Every structure is written in structure tokens, then in C-alpha cells.
Amino acid sequence: MFKHHEEPEMTWERLLLLNKFAVEEIYTKLRILNDEFNHQERSNPIEHIKTRVKKKKSIIRKLKMKGIDPTPVNARNTLSDIAGVRLICSFTSDIYMLFEALNRQDDLKIVKVKDYIENPKANGYQSLHMLVEVPVFLASGSIPMQVEVQIRTIAMDFWASLEHKLYYKYDSDVPQHISDELKECAMIINDLDSRMLNIKFQIDNYDRDYEEKG
């Protein structure tokens, strides 16, 4: 069993450092998984890994929006997205393979899952969101920290990045015709992902047949 250690006092500097450590723990696990798949001569499921820890001013702003006193203790106890990791994959099958691989990690606890691929948001947004708890090991013991993990394909990430920029440009007041077109683009991207996955399956089957005949 891991010995959990809670800090008697939580400062902003300490909070951000703990979240940085938590992101690094998840990042290391993902790199190991990707290297293992590569060693097994399978295609690497991860194209890119993006990490971030919210800045102090962003954390304070979010707490104020929630009507919560902006202290590091309240941030630690009420916010679950201070630390974030985003995985970019080639195929939707890679997304669920990585989810299962993380789910098998003994020292990783999956707290919550939101599957926006199976059930896209109203605006067309797609991604698999996981809230995971990982122990951060310190000299004084271990502290459980939460990290938001988002897994999506290259196409999904492309759409989400552009959608975010547009909403920022329009200060969230995007004209209806643009919202409608964005949703249509999301549907096209979903079709593209499905077709690319089908091509991958066809190539995999062809390779297997070739090896059996050889």
C-alpha cells in the first residue's frame, strides 16, 4: 500500500509543483506504453502528447466564477482539471486501446470517464475524457493527485483547436451559421476517422493473409 501524505499547508507554489509532478507521472507511463507497442512491432498509437498545468491566474479566475474563495486549498479540493494531458492518436481504435492500457495500471485510478466519441457534444465536439488519480511520490510519502486526460484523433484535435480559436475570437458569441457549419465539419471528420480506420483494418488483414501464404 502507498503511504499517502497530505500537506498541512498548501501554497500556490506547492500546488502547481504537485500538479507538474502528476503530469510528469502520466507522461512517463504513456511514453513507456508507446515504446512497448513499438518494441512489439506494432504501430505506435500515440502521435503526440501535450501537457499543461493551469496558471495561477486561470485557477483563481475559475474559482471566482464558481463563487469559491480563491485559495490554493480550495483549488486542490474543488478543481480536477488543473493538470491536463492530451493524447493525439491516428485512429479511434488507438483511443480505446490506450484507455484499456491505462485502466490496467495498478497505481492509476480512473475516477470518471466521459466518452464524447460515442456521445458527441451538441456542437459536434468529440474526444474521450478521463479523470485519473495518480500517486506523486515525495520524500515524505505519496500524495494522490488528479489529472484530466483527453484522448482524440488527429482529425478531432484539428477540429477542436479551430473551434476553440473561433469561440475565443467571437468571445463565445459565434454566429449561428458558423456554429452550424462547424457541426457539419465535425460530422465530416467523424466519417473521415471511420473510413481511415476501415482502411487500416483492410491493410492489417492483407498483411496477415500475406504472412500466412508466405
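**Close-up views of a predicted model**

**View 1. The residue after helix α2 in the predicted model.** Gly-67, which follows α2, has a positive phi, near 75 degrees.

**View 2. The buried and exposed sides of helix α2.** Helix α2 spans residues 56–65, and its residues Ile-59, Ile-60 and Leu-63 are buried. These three lie on the same side of α2 because they cover an arc of only 100 degrees around the axis. In an α-helix there are 3.6 residues a turn, so residues three or four places apart point the same way. The buried residues of α2 pack against α1 and against α3 (72–78). On the face turned away from the buried side of α2 are the exposed residues Lys-57, Lys-64 and Met-65.

**View 3. The five-stranded sheet.** The sheet is open, with mixed pairing and the strand order β1-β2-β5-β4-β3. Strands β1 (46–53) and β3 (109–115) form its edges, each pairing on one side only. On average, and with direction ignored, neighbouring strands of this sheet are turned by 25 degrees against each other.

**View 4. The pairing of strands β4 and β5.** Strand β4 (residues 128–138) and strand β5 (residues 141–153) run antiparallel and are joined by 11 bridges. Pro-135 has Pro-144, in β5, as its bridge partner.

**View 5. Helices α1 and α4 across the strands.** Helix α1 (residues 12–39) lies across β1, β2 (83–89), β4 and β5, and runs at about 110 degrees to β4. Helix α4 (residues 92–103) lies across β1, β2, β3, β4 and β5, with an angle of about 165 degrees to β5.

Definitions and conventions. Residues numbered from 1 in each chain as written. Predicted model: local features only at pLDDT ≥ 70, side-chain atom pairs only at ≥ 80, totals over all residues. Heavy atoms only, no water. Pairing = 2+ DSSP bridges. Helix = DSSP H or I, 4+ residues; strand = E, 2+ residues; numbered from the N terminus. Axes fitted to C-alpha atoms, helices over the stretch in contact; angles between N-to-C directions. Contact = heavy atoms within 4.5 Å. Buried < 20%, exposed > 50% of the residue type's maximum accessible area, 1.4 Å probe, protein only. Arc of directions from axis to C-beta.
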